[in-house]
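Welcome! Take a moment to look at the structure below, and then follow the side chains with this short briefing.

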Amino acid sequence: MNRKVVFLFLFVVGFCASQEEKAKQYYSFDANAYYGSIMLHNPDISHLISAHPSGFMLGYNRKTFGAAAWEQGYNYPDLGASFIYHNSNNAILGNNYGLYAHFNFYFLKRNLQFRIGQGIAYATNPYDRNTNFRNNAYGSKFLSSTFLMLNYRKENLFKGLGFNAGVSVVHYSNANVKAPNTSTNTLALNLGVTYNLSEDEPEYIKREKMQITEPIRYNLVFRSGINESDNIGAGQFPFYIFSGYADK
């Protein structure tokens with residue numbers, strides 16, 4: 001399975017890189033190793049916190065310099081894709097392989113980077129009534145996953161190479177599509193290297209702030225899905241949500 005996930009990650013990277021025809025784009029890569037602990041957010045997973053998870057994160061980033069008007073408003077963020085290998089160092093939990101889309105936001109003269117990613121992960125050893133009944137964290141092979149990274153980052157220190165160090169949080173859950181779903185949250189320290197594909201990056205484009213003249217709009221939203229209660233084997237049932245919001 002790990003080969004398939006890596007292949008999919010490389011396919012996404014290749015597809016994004018093929019979009020260079022309209023205008024020149026600037027890209028960077030980063031690789032981070034991490035080591036941390038599963039946080040005890042629920043006493044029901046206390047028996048699963050027996051070791052320190054470790055793994056690595058690979059990131060592919062497309063930089064922005066203000067070619068689109070919205071980029072300046074968000075301080076020229078990066079758009080990218082990430083791959084995470086998560087070794088729980090626990091035979092009951094197994095390992096996870098995740099593929100994500102992410103954004104990088106910058107602060108403090110671009111020395112502080114905040115990354116948020118959302119994607120899907122594959123769990124190698126989820127709950128099984130007969131062979132793995134102790135794994136009440138992951139009730140299915142495929143999980144929704146979110147991760148956050150806060151890094152001190154220095155790019156292009158030597159021929160495109162740089163480094164970053166910081167803290168990460170990785171969350172795995174299937175949103176109770178299938179029970180059990182106690183989920184896990186790993187808090188970790190990460191250290192890694194960065195590589196810019198181009199050293200001659202352009203200046204950031206700055207425009208005058210635009211006046212927003214759009215009126216307030218009112219929206220109605222209908223959502224639906226399936227869910228299972230915390231009682232294992234109770235079965236999956238549909239749910240329906242009606243909501244409204246205003247935007248400008």
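What you see is a predicted model, in which local features need pLDDT of at least 70, side-chain atom pairs count only at pLDDT 80 or more, and totals for chains, interfaces and linings use all residues. Residues are numbered from 1 along each chain as its sequence is written, and side-chain values use heavy atoms, with hydrogens and water left out.

**Around Met-149**

- Met-149 belongs to strand β6 (helices, H or I with at least four residues, and strands, E with at least two, are DSSP runs numbered from the N terminus).
- Neighbours within four places in sequence aside, Met-149 is in contact with several residues, among them Asn-32, Met-57, Phe-114 and Val-167 (contact means heavy atoms within 4.5 Å).
- The C-alpha atoms of Met-149 and Asn-90 are separated by 23 Å, and these residues are 59 places apart along the chain.

**Salt bridges**

- The whole structure contains six salt bridges (a side-chain nitrogen of Lys or Arg within 4 Å of a carboxyl oxygen of Asp or Glu).
- One of them joins the side chains of Arg-153 and Asp-30, at 3.9 Å from N to O. This pair links distant parts of the chain, since Arg-153 is in strand β6 (residues 142-158) and Asp-30 in strand β1 (residues 27-38), 123 residues apart.
- Arg-153 counts as buried because its relative accessibility is 2%, and Asp-30 counts as buried at 5%.
- Between Glu-201 and Lys-63, the closest N and O atoms of the salt bridge are 2.9 Å apart. Glu-201 sits in the loop between β8 (184-196) and β9 (217-228), and Lys-63 in the loop between β2 (54-62) and α2 (69-73), 138 residues apart.
- Are these two partners buried or exposed, or in between? Glu-201 is partly exposed at 27% relative accessibility, whereas Lys-63 is buried, at 7%.
- Arg-217 and Asp-247 also meet through their side chains, at 3.0 Å from N to O. Here the link runs from strand β9 to strand β10 (residues 236-247), across 30 residues.
- Arg-217 has a relative accessible area of 47% and is partly exposed, and Asp-247 counts as partly exposed at 21%.
- Shared partners join Asp-30, Lys-63, Arg-115, Arg-153, Glu-155 and Glu-201 into one network of salt bridges.

**Aromatic rings**

- The count of aromatic pairs comes to 16 (rings of Phe, Tyr and Trp, its six-membered ring, pair if their centres lie within 6.5 Å; planes under 30 degrees apart are stacked, over 60 edge-to-face, and the rest tilted).
- Phe-65 and Tyr-204 are stacked, at 5.1 Å centre to centre with 25 degrees between the planes. Phe-65 lies in the loop between β2 and α2 and Tyr-204 in the loop between β8 and β9, so the pair ties together parts 139 residues apart in sequence.
- Phe-65 is buried at 9% relative accessible area, while Tyr-204 is partly exposed at 32%.
- Tyr-122 and Phe-142 pair edge-to-face, at 5.4 Å centre to centre and 65 degrees between the planes.
- Tyr-26, Phe-65, Tyr-76 and Tyr-204 make up one aromatic cluster.

**A charge over a ring**

- Arg-110 lies over the face of Tyr-106, 4.0 Å from the ring centre (a charge sits over a ring if NZ of Lys or CZ of Arg is within 6 Å of the ring centre and within 35 degrees of the ring normal).

Terms used
Buried means under 20% relative accessible area, exposed over 50%, partly exposed in between (1.4 Å probe, protein chains only).
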